[in-house]
Amino acid sequence: MASTAASTLRQDAAFDEPRVERRAVSRSPTVAAERLPAPLLQVDGLTLEYATGVHVVRATHRVSFDLHRGDRLVLLGASGCGKSSLLKAIAGFIESREGEIRLDGRAVHGPGPDRIVVFQEFDQLPPWKTVVANVMFPLLAARLCGRREARERALDALAKVRLTEFADAYPHTLSGGMKQRVAIARALAMRPRVLLMDEPFAALDALTRRRMQEELLALWETLGFTLLFVTHSIEEALVVGNRIVVLSPRPGRVRAELNAHEFDLHGSGSAAFQAQAARIHRLLFEEAHETGDRR
Ligand SMILES: Nc1ncnc2c1ncn2[C@@H]1O[C@H](COP(=O)(O)OP(=O)(O)O)[C@@H](O)[C@H]1O
Ligand SMILES: [Mg+2]
């Protein structure tokens, strides 16, 4: 089943630099303790529930995965499978019913500047603040630095997303793609341990989405941050991620964990890309008992 696929794929991982040691990945605690750097973030048996008036909605059931420094891990699943709930729990906005989230080995129980979320909505920027003031705001609110340094960090982050000349503009004068670049700059200026992105490009037109994916990967190459990215698009998952956690719906469970490091924006037409996309499609849409070991 899914666990078979996951363990097989874990072994053929071919990561570059800080991830080289992970080729020896094993779930065995003794091997892990000897060879592996500890994961930056561990999601361990996470069950998330919402109590509505009458009944309880279980959003995820015992979801587990590890995020290592420098990873680009994608959570992929259909709408309603608990992706946003997982990000909200990791961001510390909601508590779990069962299981634990650990950052550097310490349990997460609330929001912090070490985990910043970029959302899908274009209205995540307060419209009465200029672009640069929007980027400075969380730095000041979290008291990470004074005004002068906040402005420097904000302008630096805006330069990285190529928006220097819009620093004094107001959000309503920007296109959707530009607003998302401001949201990314605002997150990067915080220098979080983990950058969390919840379908950040889903509301953009196809061409802009593609350009944003390209820019995100270029930023990752330059800055080397750790990314946890949520999407319902198989193609986006393959392009953005170096690993993909495939979630099944109602409640969300880990169906498989796959490698995607060999795919990029330019390979999306290749036979290997299409084969991996088809395989993920089967994992997402076929019943668990049907797939078995078939690959
Ligand atoms: N605030 C909430 N109250 C009740 N149910 C919720 C709430 N937020 C999400 N849910 C339910 O939890 C499940 C997972 O939702 P969500 O995490 O938003 O999924 P996704 O992001 O994958 O679309 C869905 O069944 C959804 O209806
Ligand atoms: Mg969602």
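A residue counts as buried if 20 or more other C-beta atoms lie within 10 Å of its own, as exposed if 12 or fewer do, and as partly exposed in between, with C-beta atoms placed from the backbone. This is a predicted model, in which local features need pLDDT of at least 70 and side-chain atom pairs count only at pLDDT 80 or more, while totals for chains, interfaces and linings use all residues. Residues are numbered from 1 along each chain as its sequence is written, and chains are lettered from A and ligands numbered from 1 in the order in which they are written.

**The whole chain**

Show the chain as a cartoon. It has ten helices and ten strands; helices (H or I, at least four residues) and strands (E, at least two) are DSSP runs, numbered from the N terminus. Of the 295 residues, 37% count as buried. Two residues are in contact if their C-beta atoms, placed from the backbone, lie within 7 Å. Among contacts in the chain with a separation of 6 or more, 68% are between residues 24 or more positions apart.

**First stop: ligand 1**

Select ligand 1 and display its surroundings. A residue is near a molecule or strand if its C-beta atom, placed from the backbone, lies within 6 Å of it. The shell includes Tyr50, Thr52, Val57 and Ala59, and also Gly77 and the run Ser79, Gly80, Cys81, Gly82, Lys83, Ser84 and Ser85. By class there are four nonpolar, seven polar and one charged residues in this shell. Here Ala, Val, Leu, Ile, Met, Phe, Trp, Tyr, Cys and Pro count as nonpolar, Asp, Glu, Lys and Arg as charged, and the others, Gly among them, as polar. Strand 2 (56-67) and helix 3 (83-91) each give at least two residues to the shell, and helix 3 has the largest share, three residues.

**Second stop: helix 3**

Select 83-91. Is this helix mostly covered or mostly uncovered? Helix 3 is mostly covered, with seven of its nine residues buried. These are Lys83, Ser85, Leu86, Leu87, Ala89, Ile90 and Ala91. Step past the end of helix 3 to Gly92, whose phi is positive, near 90 degrees.

Axes are lines fitted to C-alpha atoms, for helices over the stretch in contact, and angles run from 0 to 180 degrees between N-to-C directions.

Two strands pair if DSSP finds at least two bridges between them. Four strands form an open antiparallel sheet in the order 2-1-4-5. Its edges are strand 2 and strand 5 (106-107), each pairing on one side only. To see the pairing, select Ala51 with its bridge partner Val56, then Glu49 with Arg58. Strand 1 also pairs with strand 4 (residues 98-103), antiparallel over five bridges; there Gln42 stands opposite Arg102.

Six strands form an open sheet in the order 6-7-8-3-9-10, with mixed pairing. Strand 6 (115-118) and strand 10 (253-259) are the edge strands, each pairing on one side only. From one strand to the next the twist averages 20 degrees.

Select Arg243, which lies in strand 9. Why does Arg243 count as buried? Arg243 is buried because 24 other C-beta atoms lie within 10 Å. Leaving out residues up to four places away in sequence, Arg243 touches Asp71, Leu73, Glu257, Leu258, Asn259 and Ala260. Then draw a distance to Leu67: the two C-alpha atoms are separated by 9.6 Å, though the residues are 176 apart along the chain.

**Last stop: helices 4 and 6**

Select helix 4 (residues 131-141) and helix 6 (residues 176-189), whose axes come within 8 Å and cross at roughly 35 degrees. Val131, Asn134, Val135, Pro138 and Leu139 of helix 4 make the contact with Val182, Ala185, Arg186 and Ala189 of helix 6. By class, this contact has seven nonpolar, one polar and one charged residues.
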